[in-house]
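Subject: Structure for you to look at

Dear colleague,

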Amino acid sequence: CATPWPGNGGSFADMVREAAEGAIESVQKSEKIAVQSNMGQAGLTDVVVAVSEADLALQTVVAVRDKVVDAYQQIIRMPI
């Protein structure tokens, strides 16, 4: 997976890793804000926004994973 993407010089593996790390950061941020909300340090709106961002990031990672698995399955089925 060392083939660089045009324009940014990163590989596909780097792109996937960055997307996964971004999703993890979003989930951790939403958890932190939820805890702050329980302690009275954050409002309900902050919690809803953080959880929505984390959900969107997770959906994106799952969609990319599904596309990668589908592409792999199509390659496996190709006649040689």
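Helices here are DSSP runs of H or I with at least four residues, numbered from the N terminus, and the expected span of a helix is 1.5 Å times one less than its number of residues. Please bear in mind that this is a predicted model, in which local features need pLDDT of at least 70 and side-chain atom pairs count only at pLDDT 80 or more, while totals for chains, interfaces and linings use all residues. Residues are numbered from 1 along each chain as its sequence is written, and side-chain values use heavy atoms, with hydrogens and water left out.

To begin with the length of helix 2, its 34 residues should span 50 Å at 1.5 Å a residue, and this agrees with the 49 Å between its end C-alpha atoms. The buried residues of this helix (buried means under 20% relative accessible area, exposed over 50%, and partly exposed in between, with a 1.4 Å probe and protein chains only) are Val 47, Ala 50, Ala 54 and Ala 57. These buried residues of helix 2 pack against helix 1, where contact means heavy atoms within 4.5 Å.

On the surface, Met 15, Val 16, Val 64 and Val 68 form a nonpolar patch with about 270 Å² of accessible area together. Such a patch is made of residues with over 30% relative accessible area and no salt bridge, nonpolar side chains (Val, Leu, Ile, Met, Phe, Trp, Tyr) being joined within 5 Å and like charges within 9 Å; the areas come from the Shrake-Rupley method with a 1.4 Å probe, and for residues only the protein chains shown count as cover. Helix 1 (12-38) and helix 2 (44-77) each supply at least two residues of the patch. Met 15 lies in helix 1 and counts as partly exposed, because its relative accessibility is 40%.

A search of the whole structure finds three salt bridges, each being a side-chain nitrogen of Lys or Arg within 4 Å of a carboxyl oxygen of Asp or Glu. Lys 29 pairs with Glu 53, their closest N and O atoms being 3.6 Å apart, and this pair links distant parts of the chain, since Lys 29 is in helix 1 and Glu 53 in helix 2, 24 residues apart. Asp 14 forms a salt bridge with Arg 17, at 2.5 Å between the closest N and O atoms; these two are three residues apart in helix 1, and so are separated by about one helical turn. In the salt bridge of Asp 66 with Arg 65, the closest N and O atoms are 2.7 Å apart.
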